[in-house]
Structures are given as structure tokens and as C-alpha cells.
Amino acid sequence: MVMKVEKNHKTANLKLVKQSNLTLVFNLINENQPVSRASIAHATGLSPTTVSSLVDELILENMVEETGMGKLSGSGRKPILLAVKRDGGCVVAVEIRDGGFNLEIFNLEGASVLYCNREITDYGDIGNIIADEVSEKCCEFGRLLGICVGVPGVIDKKTKRVLSTLIPITRDNDFFNVIRSRFPDIKVKLGNESSFCAYIEKTQKKEIHSLVYIDINIGIGAGIILDDRIFTGAFGNAGEFGHISIDINGERCKCGNFGCLEGLANVPAICRAAGVSKLREIDTSDEKSIEKLRGVCRYIASGINNIINMINPEAIVIGGEISCLGEPFLSEIKKELAPIMFAADMERFSLEFSSVAGNPVTRGAGRYLLDRIFEDGDFIIE
């Protein structure tokens, strides 16, 4: 078995080095199971003694188990193979949305074991409501190792408070710290939902190292992957794609800006342009319907071109409710993009709808948490 791993040259303290190495070994076992200690040492460059010590700790934590003997390639003893103990614990991903939240539980292999949603009208005590739901739902899936919460809004890195134009959570709502206080002994992380959507897309596109996920629903946001890692900017708020100004003389947005893309091309705006009440009522196979949406496609193409000029990613993926409009709608966006995009980028750049099954926010948050299960920190600043 051949595994390629980039060497980690961080000059961190011993605790951080151990956390990093534990994460590295756990993820290698998860991705390549069943795998031997010798293969892990070869892939990571860690000494056999260090690998054995880390594996022993993972076994003691009930996260990894020995599964039997492997094949012998030469003389000597057969290697003992290792695998993740799928029922050794679980992680929880939560997506806070308009009208409530969605919750998904994953085992240690990253497989979904439960998905549910909860409707609420009063967000004032949402921290305790989420904590109660986690406690109730996780009891049958073993030890809880972490919780990751995705929100559609700007997150203050210092206070962990959220400012959102989409959900009624005010700056004085300390829901994240409420959740963290209810689970003081586990990892609890917070991030923008679009970043988690971008993360799950990246895990399915191993050959791509820079990607932007555009999430078009009631709101519009973006998650950014640069050099295989989530990019959130200096203060954690990169990706507010919906609040770039497409028309400086346009209407004032809730954010204070004028002519924001969100107001011109979100789902309600698309429905208004098409003269329907629901997105799924639009027949994009009908040329007349596409004609009505041409202006919206032009707005989206203009926003995408700004991303290309600023970040120059290898791929842009569009997700959210808008995906139901299918290939005709995407083709129209590409037609509007072609005349304004640098010709040099066109052959190398890809634009597509998301193909991720299930809820990309909870799937991405769960995968992100498992990939960093031993790392400290509660905010996804990379």
C-alpha cells in the first residue's frame, strides 16, 4: 500500500506536535484502513516507536482497533492491521438556519448515523435548545467527541457572537458559549456554513487545491478553499459574497451596502424575475423562462468574475436551493461569464453545480471536525 503525506514542519510546542501527529495518524488509518503501523511510519516519516505510541493512545481512547494480520511481503512477522473503531464515539454537526436548525451525527468513520431537524420560533435560548437536542440524540451512539456549528452570518472571532441578516440572532445572543459551557470536556467549534460546504466539496475533489463554493438560497454566501485549507480572512469573515455591490445605485441592503448581489440574485429575487412563488415552479427547459432569468444570470456571472479576478481559483461550485434549476440555468450563467472573463483562465477553470448528496453544511462540519478531532481552538480560523 502506497500513501503520500506532506511532511509537517511546524515549530509548535510539544502538545501541539502531539495533537497534530495524533490527528495525522488517525486520519491515515481512517483513509487507508486496514493499515499497518509500518505503513503509517513510512507515510508520515515518524519513527516506528512514535507511531506505536500514538496508535496505542488511539486504541486506549477506543478510537482505533486491531483487526487481524496482514499479508507478509517478505520474511519476518506478519503486520498487525489497524482500523477505526466506528462505534468508538461520534461527532455532531449543527446547521442553524431560518426557522430552526438541522442536526446530524456521524460515527468515527464519517458515516451519518442520524439526521433530524428542529423548528423554533424564539432564538433567544437557542444555545440550550441545541445542547438539549445533542444530549438527547447522542446517548445511543457512544462517547461524544465534538460539536461543530455552522451559521449563515458574520462571526466575531473574539466574542463568538454572530451577526446575520438571515436568522434572528442578535449580537447579545451568546448561544455558542452556552453550548460550550454545557459540554466543557469536548471540542466545540463554530464557523460560517458556506465554509463547511466548500470543505466537503474539496474532500471529493482531491486533485483541486483552490475552490470557492457559492451558496445561493434566501441568502448568498461563499466558502473559500486555498491551498487545501479553509480561508476565512484576517478576522474570520471572508466569503461574504452576497454583500459585494453589483449596483452601487441599487437598493440599500440590510447590511448597509447598496445593490448587494444577495438582493439581486438570491432565491426570492429569482422567483420574482420568473414570476413564480417557488423556485421549483420554474421550467428551465422553456426558453421563455430562461429569458426572464437572463438578468439574474448576468448578476451572478458578474459576481463570479469578481471572485476569479481576486482569487483565481481552479473551480467554483454553486450550491443551495438554486441547484434545482439544473444545467440550462448554469449554461446561461456560463454564457454571461464568457465575454467578461479573462480568456487565459477559461480552459483551466471549472464552474459547476454541487453534486454533494445530503446536507453539505452538516456533512462538511462533521468531516471538518473529524479531520481535526485532536486540535484545540473553537473557531475555524485556518
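Phenylalanine 374 is buried, with a relative accessible area of 15%. Buried here means under 20% relative accessible area, exposed means over 50%, and partly exposed is in between, with a 1.4 Å probe and protein chains only.

A word on the source. This is a predicted model, where local features need pLDDT of at least 70 and side-chain atom pairs count only at pLDDT 80 or more, while totals for chains, interfaces and linings use all residues. Residues are numbered from 1 along each chain as its sequence is written, and side-chain values use heavy atoms, leaving out hydrogens and water.

Now the rings. The structure holds three aromatic pairs. Rings of Phe, Tyr and Trp (its six-membered ring) pair if their centres lie within 6.5 Å; planes under 30 degrees apart are stacked, over 60 edge-to-face, the rest tilted. Phenylalanine 374 pairs with phenylalanine 26, edge-to-face, at 6.3 Å centre to centre and 85° between the planes. Phenylalanine 26 sits in helix H1 (residues 14-32) and phenylalanine 374 in the segment after helix H13 (360-371), so the pair ties together parts 348 residues apart in sequence. Helices (H or I, at least four residues) and strands (E, at least two) are DSSP runs, numbered from the N terminus. Phenylalanine 26 is buried too, at 0% relative accessible area. Elsewhere, ring pairs link Phe196, Tyr199 and Tyr368 into a cluster.

Next, helix packing. How do the axes of H2 and H3 cross? Helix H2 (residues 37-44) and helix H3 (residues 48-60) have axes that come within 9 Å and cross at roughly 120°. That makes H2 oblique to H3. Axes are lines fitted to C-alpha atoms, for helices over the stretch in contact, with angles from 0 to 180 degrees between N-to-C directions. Under 35 degrees is roughly parallel, over 145 roughly antiparallel, 65 to 115 roughly perpendicular, and the rest oblique. On the H2 side, Arg37, Ile40, Ala41 and Thr44 make the contact; H3 brings Pro48, Val51, Ser52, Val55, Asp56 and Ile59. Contact means heavy atoms within 4.5 Å.

Second packing example. The axes of helix H4 (residues 126-138) and helix H5 (residues 175-182) come within 7 Å and cross at roughly 35°. Phe175, Val178, Ile179 and Arg182 of H5 meet H4 residues including Ile126, Ile130 and Ser135.

Last, arginine 252. Where is it? In the loop between strand E13 (229-231) and helix H7 (261-265). Arginine 252 is exposed, at 57% relative accessible area. Arginine 252 lies 60 Å from glutamate 66, C-alpha to C-alpha, and 186 residues away in sequence.
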